[in-house]
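This briefing goes through a structure by topic. Please look at the sequence and the 3D view before reading the points below.

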Amino acid sequence: MAIHSKDFRTLRLDGVQRDFGAFNALKGISLTIARGEFVALLGPSGCGKSTALNCVAGLLPLTGGTISLDDTRIDTLSPEDRGFGMVFQNYALFPHMSVARNVGFGLAMRNEPRAQIAEKVAEALRLVRLEGQADKLPGQLSGGQQQRVAIARAIVVAPPLVMMDEPLSNLDAKLRLEMRAEIRRIHAHLGSATIYVTHDQDEALSLADRIVVMRQGEVRQVGTPEDLYTRPATVDVAEFMGFRNMLPATMAGAGSGTRARVTVDGAACEGTPVGPLAPGAVTLAIRPEDLRPQDDGPLAARVDQVEYRGRAFFGIATTPGGTALHFRAPSRVAPGTALRFGADPDRILIYGGAA
Amino acid sequence: MTGAALPRRPGLRERLARRGLDGTTLLVLPAALAILALFVFPFIEGLVLSFLPKQGGPLANYAKFFGDPYLWKTIPTTLGIAIPATLANIALSVPVALRVRRMKRQRLLTTILVIPITLGTVLVAEGLLNYLGPQGWLNRTLMALHLIDRPVRLVHNYWGVLWSLVIAGFPFTFLLTLSYVSGIDPNLERAAATLGAGPRARFRTVLLPLMASGLAITFCLSFVQAFAVYPSAVLVGAPAGSTRVISIAAFQAAYETYDDSLASSIAMIMAAIQLVIVVLVLAGRSLFYRGPAGGGKG
């Protein structure tokens with residue numbers, strides 16, 4: 001008996017708010033998720049992403065807004081009546097039950113016949129590749145195995161929506177990569193929608209069909225991983241997506257094609273504007289891997305330190321104005337060397353307003 | 001160079017330290033002395049004394065106790081009070097602890113609930129007499145309202161003792177239960193909820209099994225306290241009748257008939273009964289899950 005998720009078209013969050021006393025943890029989140037979609041909620045800790053997940057799960061009541069599955073409002077239902085699957089950060093496996101009973105818990109709560117439960121549990125354990133472990137207690141399993149049990153337990157009831165709250169944060173680096181692939185595979189097999197909460201941009205980029213970047217209880221940008229990686233909508237998002245160089249600059253006029261000309265540290269350079277730009281102060285955002293030593297580059301700086309990270313050298317340099325530059329170099333550069341740095345104009349993003 | 005290769009025999013201090021004995025171990029001495037002087041010695045003395053009756057062979061006291069219904073019936077009487085009182089305390093503590101666990105002002109409420117522990121059974125009995133006695137305010141109010149013609153007998157019987165044991169024992173049971181309940185990862189309940197378990201099912205399948213082993217310990221400790229009930233059995237009970245508990249029999253033997261030997265035998269019988277109950281409950285405990293009540297790593 002194969003496990004496939006129940007049919008639905010969309011899950012819709014409409015102006016979802018959650019306050020804790022005077023603190024607005026969620027300031028009106030709106031989001032539509034289609035069946036089969038993998039959506040990552042990405043943001044630094046405290047941005048409200050876990051709160052949003054708990055609201056969808058029914059573990060936290062909303063203070064405003066609605067959540068609906070197709071045309072049915074579900075935000076007033078208790079968690080046990082929503083029928084969503086949830087994977088907790090610390091797995092939350094029942095320590096007194098065997099792996100098989102943990103996985104079968106949701107089915108037992110739905111009063112399914114024993115034979116059917118056994119069959120579905122076996123299928124779910126096969127799906128997460130834990131066939132031989134059915135009779136063990138969770139405490140006898142490794143972290144990665146516990147994680148798989150938690151996933152099997154959440155998906156065995158074939159929920160329309162699976163929620164995962166930083167499920168890989170307790171695993172070591174190698175296991176994390178393996179589990180990422182597993183999660184993606186299981187998601188594809190189920191055909192359910194998945195909401196995945198993480199603060200790790202690599203995880204979000206590699207797993208999600210769509211990423212929702214959150215900050216201070218608000219959605220800052222929704223887009224495909226490619227969108228977010230190459231064109232963050234705001235300086236905040238850019239910073240979170242790995243644009244470590246944020247340089248103050250001044251608008252100088254239009255450049256070739258869609259580019260704009262700016263003045264940075266007294267030198268002229270071209271970049272790609274994000275959104276409409278007004279004359280005056282602007283901010284340049286450049287990834288460290290795009291900023292390289294160039295003889296005719298616009299930025300002059302003195303190298304402070306360089307470290308080898310396999311394949312390439314990454315370093316920090318300081319401009320005469322005191323701005324730190326994070327750059328990439330093809331070979332080792334001695335600290336104290338004065339160099340000029342530049343980047344491909346397509347890789348220099350220009351945002352309106354001062355940094 | 002042959003001598004240098006021989007392993008040096010470690011000194012006494014080093015050998016003791018390897019077994020975990022060092023200067024710090026000496027700190028155990030005062031407590032060990034106190035236990036020896038105040039518990040082990042009197043216990044052994046009592047045990048020996050119980051086999052030296054005023055008349056008859058070594059087992060004459062025990063034969064007398066179990067041959068005289070006036071004496072041996074104190075055992076079912078005491079159990080009939082101590083077990084229901086303990087169960088009532090646990091049954092009260094579990095829901096209160098489950099609720100208190102989620103409260104923000106936990107400490108204030110806990111303090112209020114625990115105050116009776118400072119009163120002692122005598123004060124509680126005194127209070128019960130004042131409130132529920134024939135001239136207590138409850139009876140007087142009910143009579144003033146003409147709901148009853150004569151005072152209702154609420155104390156000086158079985159129920160008076162049971163009440164006083166519940167009041168005096170609750171804080172203790174509650175504190176123990178609260179600590180077990182607080183040790184259960186709240187995420188387990190949330191996980192059960194997302195899997196479709198309503199509040200009752202969550203209690204039955206998750207909370208109760210994880211608490212069971214702790215509740216067994218709580219039962220033992222509360223039971224031992226209630227089994228030795230004396231003041232309230234005399235003050236708010238019927239010490240000659242329905243609440244003639246085993247400690248009353250021991251007291252009478254010691255201070256009314258001045259038969260120290262019989263009193264010691266009764267004390268030994270008390271100890272044996274408590275031990276049997278505790279061993280039974282702890283043996284039953286091995287049927288339950290006893291590991292950590294967390295949900296995994298983290």
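**Salt bridges, a sheet, a helix and cysteines**

Arg220(A) is partly exposed, with a relative accessible area of 22%. Its salt-bridge partner is Glu218(A), and the closest N and O atoms of the pair are 3.5 Å apart. Glu218(A) is also partly exposed, at 31% relative accessibility. The model is predicted.

**Salt bridges**

- Side chains of opposite charge can pair when their charged atoms come close.
- Over all chains, the structure holds 22 salt bridges.
- One of them joins Glu112(A) and Lys120(A), with 3.1 Å from N to O; Lys120(A) is buried, at a relative accessible area of 13%.
- In chain B, the side chains of Glu189(B) and Arg102(B) meet in a salt bridge of 3.2 Å, N to O.
- Glu189(B) belongs to helix 11 (residues 186-194) of chain B, while Arg102(B) is in the loop between helix 6 (74-100) and helix 7 (106-114) of chain B, so this pair ties together parts 87 residues apart in sequence.
- Glu189(B) is buried, with a relative accessible area of 11%, whereas Arg102(B) is exposed, with 56%.
- A network of salt bridges links Arg129(A), Arg148(A), Glu182(A) and Arg185(A).

**The sheet in chain A**

- Strands of a sheet pair through backbone hydrogen bonds, either parallel or antiparallel.
- Chain A has an open sheet of five strands, in the order 15-19-16-17-18, with antiparallel pairing.
- Strand 15 (292-293) and strand 18 (324-329) of chain A are the edge strands, each pairing on one side only.
- Strand 15 of chain A is joined to strand 19 (residues 338-342) of chain A by two bridges, and Pro293(A) stands opposite Phe341(A) there.
- Four bridges pair strand 19 of chain A with strand 16 (residues 299-308) of chain A; Ala300(A) has Arg340(A) as its bridge partner.
- Strand 17 (residues 313-318) of chain A is joined to strand 18 of chain A by six bridges, and Phe313(A) has Ala329(A) as its bridge partner.

**Helix 3 of chain B**

- Helix 3 (residues 28-50) of chain B has 23 residues and should span 33 Å at 1.5 Å a residue; its end C-alpha atoms are 31 Å apart, which agrees.
- At Leu36(B), helix 3 of chain B bends by about 40°.

**Cysteines**

- Cys55(A) is buried, with a relative accessible area of 1%, and Cys220(B) counts as buried at 7%.

Methods
Residues are numbered from 1 along each chain as its sequence is written. Chains are lettered from A and ligands numbered from 1 in the order in which they are written. This is a predicted model: local features need pLDDT of at least 70, side-chain atom pairs count only at pLDDT 80 or more; totals for chains, interfaces and linings use all residues. Side-chain values use heavy atoms; hydrogens and water are left out. Buried means under 20% relative accessible area, exposed over 50%, partly exposed in between (1.4 Å probe, protein chains only). Two strands pair if DSSP finds at least two bridges between them. The expected span of a helix is 1.5 Å times one less than its number of residues. The bend at a residue is the angle between axes fitted to the seven residues ending there and the seven starting there. A salt bridge is a side-chain nitrogen of Lys or Arg within 4 Å of a carboxyl oxygen of Asp or Glu.
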